[in-house]
Amino acid sequence: MFHKQFSIALLSLFFVLSGCEKAQNTSETQKASETQMTEKSQDLVIYSSRNEQLILPLIEAYQKETGTKVRFVTDKPEPLIEKIKAEGELTPADILMTVDAGNLWRASQAGLFQTLNSPVLEKAIPANFRATNNEWFGFSQRARTIVYSTDRVSPEKLSTYEDLANSNWKGKLCLRTSKKVYNQSLVAMLIAKHGVEKTEGLVKSLVSNLATDPFSNDTKTMEAILAGQCDVAIVNSYYFGRMQKKDPDLGLKLFWPNQSAQADELSGVHVNVSGAGVLQHAKNPENAKHFMEWMTGSQAQTILAKGNMEYPVVGSAENDPLVASWGGFTSDSQSLTKAGELQAEAVKLMDRAGYR
Ligand code: FE
């Protein structure tokens with residue numbers, strides 16, 4: 001409300017300062033100019049769990065192209081969701097941008113998003129990378145895949161996520177904590193494929209294959225392989241990319257699992273998304289929709305994919321050359337909405353299976 005009043009005050013000041021010519025306008029033209037001014041003074045506010053380094057080039061490109069002034073706030077997903085809830089109708093935010101379908105789904109469940117009917121988004125983004133209720137949309141893909149020690153594992157020994165539950169990996173597997181949404185989503189997608197009972201058996205076996213307690217992040221998990229604590233792990237490929245960029249001779253390699261998977265296995269690499277939704281109480285819903293649609297353009301897609309060594313959701317964008325060097329892969333085709341719907345089930349299952 002204050003913001004609106006402030007804009008009106010600014011608008012009046014503009015008309016005073018712009019002098020006689022404006023003052024002599026008919027009320028109709030004045031109304032038209034006022035509308036135009038209001039539109040120009042309107043901006044776009046984004047709450048983002050993606051860091052400033054990644055989001056800034058996107059926002060600068062958007063501002064340059066459209067003249068829309070974009071403001072943003074960055075924080076972790078959970079505090080941002082809580083902030084939007086607490087602000088309620090008064091939130092200044094128009095868009096929540098975050099990672100993982102599990103987080104986007106949580107925001108959707110909390111009633112934070114509005115449905116966005118956009119033929120542009122529906123055409124550009126594959127159906128499995130956006131919410132079935134049109135409340136959130138994925139803008140980049142992140143692959144959660146297998147990484148292995150080049151000293152101790154021959155890639156012929158690797159095949160699927162499910163195979164890591166096999167006893168020949170006993171004492172050789174490292175995992176990140178089950179508290180991380182990335183693993184909750186992966187297990188949710190396994191439940192979607194196999195059902196609860198079989199997935200619980202798989203997760204129990206994965207836990208019994210662990211070389212050591214789960215790690216707090218993907219980088220530490222890979223460092224454990226380098227330190228000789230374990231031979232294989234499951235990580236997001238961009239964390240591997242960061243390590244490989246620092247040390248091209250890293251004793252680790254990525255493996256794309258489930259590429260010729262049987263009917264009872266995931267149908268390809270588990271990919272998740274980073275994405276966004278327009279908030280229920282957005283003050284600038286038109287700008288927000290325009291920004292969301294702009295995010296599927298090749299400029300935004302390239303910035304997003306290259307900025308964090310992820311993959312675009314739209315085919316025309318370029319990958320980072322290092323990412324391209326890892327080769328292509330088939331990804332699991334199940335809808336990521338299931339990562340949300342089955343999240344609570346996945347959390348309970350991992351708890352029962354002793355995955356900490
Ligand atoms: Fe991450």
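Leaving aside its neighbours within four places in sequence, which residues is Glu265 in contact with? Select Glu265 and you'll find Thr160, Glu162, Lys193, His194 and Asn258, where contact means heavy atoms within 4.5 Å.

Before moving on, some ground rules. This is a predicted model, so local features need pLDDT of at least 70 and side-chain atom pairs count only at pLDDT 80 or more, while totals for chains, interfaces and linings use all residues. Residues are numbered from 1 along each chain as its sequence is written, and side-chain values use heavy atoms, with hydrogens and water left out.

**Stop 1: around Glu265**

Glu265 sits in the loop between β7 (252–255) and β8 (270–278); strands are DSSP runs of E with at least two residues, helices are runs of H or I with at least four, and both are numbered from the N terminus. Glu265 is buried (under 20% relative accessible area; exposed is over 50%, partly exposed in between, with a 1.4 Å probe and protein chains only). Now pick out Lys198: it is the nearest side chain of opposite charge, 7.2 Å away, and Glu265 has no salt bridge (a side-chain nitrogen of Lys or Arg within 4 Å of a carboxyl oxygen of Asp or Glu). For charge, Lys and Arg count as positive and Asp and Glu as negative; His and the chain ends are not counted. Next, show the backbone nitrogen of Gln262, which lies 2.7 Å from a polar atom of the Glu265 side chain.

**Stop 2: aromatic rings**

There are seven aromatic pairs in the structure. Rings of Phe, Tyr and Trp (its six-membered ring) pair if their centres lie within 6.5 Å; planes under 30 degrees apart are stacked, over 60 edge-to-face, and the rest tilted. Select Tyr238 and Tyr239: their ring centres are 4.4 Å apart and the planes meet at 40°, so this pair is tilted. Both Tyr238 and Tyr239 are buried.

Then jump to Tyr311 and Phe329, an edge-to-face pair with 5.3 Å between centres and 90° between planes. Tyr311 is buried at 8% relative accessible area, whereas Phe329 is partly exposed at 21%.

**Stop 3: Val323**

Val323 is buried, at 0% relative accessibility. Beyond residues up to four places away in sequence, Val323 touches Met309, Glu310 and Tyr311.

**Last stop: confidence**

Colour by pLDDT, the predictor's confidence in each residue from 0 to 100. The chain's mean is 90, but residues 1–41 stay under 50.

Key: A polar contact is a pair of N or O atoms within 3.5 Å; within protein, one must be able to donate a hydrogen and the other to accept it, and residues adjacent in sequence count only if both atoms are side-chain atoms.
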